[in-house]
Amino acid sequence: MRNKVYDTFDTDSISSTRIELFDRKKVIVEGCYGIKEYSDDIIQINLPRGSLIIVGERLEIVILTGHEITIGGNIISLEFEGNVL
């Protein structure tokens, strides 16, 4: 089952994005401003100039604060959509 959440954060203070991947078990994204799609096998995060799609198994949002999100699970791939880079 997929859930959708739109533009939950203030975007005026975001100018860059930092992504850290830890052993394909955890990813931390700084500089995000909302969750576009969320399920246990895909999470799509809104970024200042596009989005990041995290594909995996048993994905879960571990921490969501300010403009930072931590996702845990078995991460298979990170995909970028839009003019992110």
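I started with the order of elements: from the N terminus on, they run β-β-β-β-β-β. I counted six strands and zero helices; both are DSSP runs numbered from the N terminus, with helices being H or I of at least four residues and strands being E of at least two.

I noted the ground rules next. This is a predicted model, in which local features need pLDDT of at least 70 and side-chain atom pairs count only at pLDDT 80 or more, while totals for chains, interfaces and linings use all residues. Residues are numbered from 1 along each chain as its sequence is written, and side-chain values use heavy atoms, with hydrogens and water left out.

**Confidence.** I looked up pLDDT, the predictor's confidence in each residue, from 0 to 100. The protein averages 86, and 80% of the residues score at least 70. Over residues 4-12 the pLDDT is below 50, and this stretch has 18 contacts in the model beyond near neighbours in sequence. A contact means heavy atoms within 4.5 Å. Where pLDDT is low, the predicted coordinates should not be read in detail.

**Pairing.** I then followed strand β6 (residues 68-82). Two strands count as paired if DSSP finds at least two bridges between them. Strand β5 (residues 50-65) runs antiparallel to β6, and 13 bridges join the two.

**Backbone angles.** The hairpin of β5 and β6 has two residues between the strands, and Gly66 takes a positive phi near 50° in it. I also noted positive phi in residues other than glycine. Asp23 has a phi near 55° and sits in the loop between β1 (18-22) and β2. Arg58 has a positive phi of about 55°, but its place is in strand β5.

Exposed means over 50% relative accessible area, buried under 20%, and partly exposed in between (1.4 Å probe, protein chains only).

**Whole protein.** Buried residues make up 35% of the 85 residues. Among contacts between residues at least 6 apart in sequence, 48% join residues at least 24 apart. The protein exposes about 5,100 Å², of which carbon and sulfur atoms supply 48%; accessible areas come from the Shrake-Rupley method with a 1.4 Å probe, and for residues only the protein chains shown count as cover.
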